[in-house]
Amino acid sequence: RRVREGLCGEVGLPGQTDKSPAELVGERGDQGEQGVQGNTLDTEYTQMQTYAFHSQTNKHWTCPSGMTEIRKGFSFLYFDSSSGSGHGVPLSNPGSCMATFSIQPIMECTTYTCEVKGDDSSLWMPVGDIPDNMTASEYYPQEELTIGSGDNDQSEEVKKFISRCTVCESPSTVMAIHSFTSEVPGCPEKWEELWIGYSLMMGRDRGGGTGVQLHSHGSCLKYFTPQLSARCVMSGSSGEPNCHFMSQDQITAYIRAADFVDEYGTGALGYFDPELKTKALSRCVVCRRMVNVHI
């Protein structure tokens with residue numbers, strides 16, 4: 001014989017207890033399972049970026065820890081065509097790191113022909129690790145160094161004074177911070193220092209040059225040098241392809257430290273003046289966003 005289930009009764013009255021609410025709390029439960037790992041800047045969600053790093057020496061830098069090397073090359077600044085037009089490459093851009101050194105990396109093309117013009121020129125970054133007891137004019141070659149064949153080829157001597165570069169792939173952002181004073185700034189929280197340097201604004205020679213964006217690491221040079229460019233031409237006073245490092249037309253512009261006081265009112269500082277590097281120039285730091293911290 002089957003018995004049917006009866007109807008549900010009404011909700012009863014609240015129970016009563018002589019314990020306080022605090023006494024009704026149960027014991028602590030067991031430890032829960034570990035949660036899903038949070039995202040950091042080195043996860044699959046990161047957009048990789050590529051940067052060029054210029055050593056200002058004739059040796060290639062290795063990529064900073066956590067970055068992957070893509071290629072190595074020579075530090076290129078600018079090319080100038082016979083038509084008067086030219087093009088500069090920002091130093092932080094991978095395009096500023098040319099895989100090979102060539103005194104004339106361009107060919108001019110019109111509707112009918114393509115040719116290399118004799119008055120085209122290219123600017124390259126020279127090494128900047130000049131000994132403290134030498135001026136730029138004492139360190140760099142004074143004469144035009146010819147590029148050719150046989151006994152006249154001085155290309156290897158030229159390369160000794162051309163900066164090397166490395167293109168690296170990075171999982172995080174790299175940026176420069178400028179103090180605009182003689183004090184070296186620090187990196188923000190969750191950023192790490194790569195190097196400190198001097199605040200660069202522009203480098204140029206006859207025909208043109210290249211400027212820098214102040215947020216990019218190319219605007220912070222590790223080594224101070226008054227000579228940012230070496231100029232190479234297809235023909236010079238010797239009539240042969242050559243490079244020279246002491247152009248009278250070259251200008252390198254740095255940011256002046258706002259807290260610098262010119263006590264003598266001359267507005268000029270000699271290369272060996274101790275105040276030049278310690279007080280007169282703005283300092284900077286290149287920072288990288290840490291990849292092993294949670295976003």
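I started with a pair: S121 sits opposite V233 in β14. Before going on, I noted that this is a predicted model, where local features need pLDDT of at least 70 and side-chain atom pairs count only at pLDDT 80 or more, while totals for chains, interfaces and linings use all residues. Residues are numbered from 1 along each chain as its sequence is written, and side-chain values use heavy atoms, with hydrogens and water left out.

Strands here are DSSP runs of E, at least two residues long, and helices are runs of H or I, at least four long, numbered from the N terminus. I found that β7 (residues 121–124) and β14 run antiparallel, joined by four bridges. Two strands pair if DSSP finds at least two bridges between them. β14 also runs antiparallel to β15 (residues 242–244), with three bridges. In β15, V233 has N242 as its bridge partner.

Which way do the residues of β14 point? I saw A230 and C232 going one way and R231 and V233 the other, and all are buried. Buried means under 20% relative accessible area, exposed means over 50%, and partly exposed is in between (1.4 Å probe, protein chains only).

**The cores**

Next I checked the largest nonpolar core, which has 19 residues. Such a core is a set of buried Ala, Val, Leu, Ile, Met, Phe, Trp, Tyr and Cys residues joined through side-chain atoms within 4.5 Å. F101, W124, Y140, V158, I162, C243 and F245 touch the most other members. The elements giving it two or more residues are β2 (68–80) and β14 (230–233).

I picked F101 and listed its contacts (heavy atoms within 4.5 Å). Leaving aside neighbours within four places in sequence, F101 meets F74, W124, V158, K159, I162, C232 and C243. There is also a second, separate core of 14 residues, with L77, L123, Y198 and L200 among them.

Is M201 buried or partly exposed? M201 counts as partly exposed because its relative accessibility is 35%. I found M201 in strand β11 (residues 191–205).

**Whole chain**

I finished with the totals: three helices and 17 strands. Of the 295 residues, 40% count as buried. Residues 24 or more positions apart make up 76% of the contacts with a separation of 6 or more.
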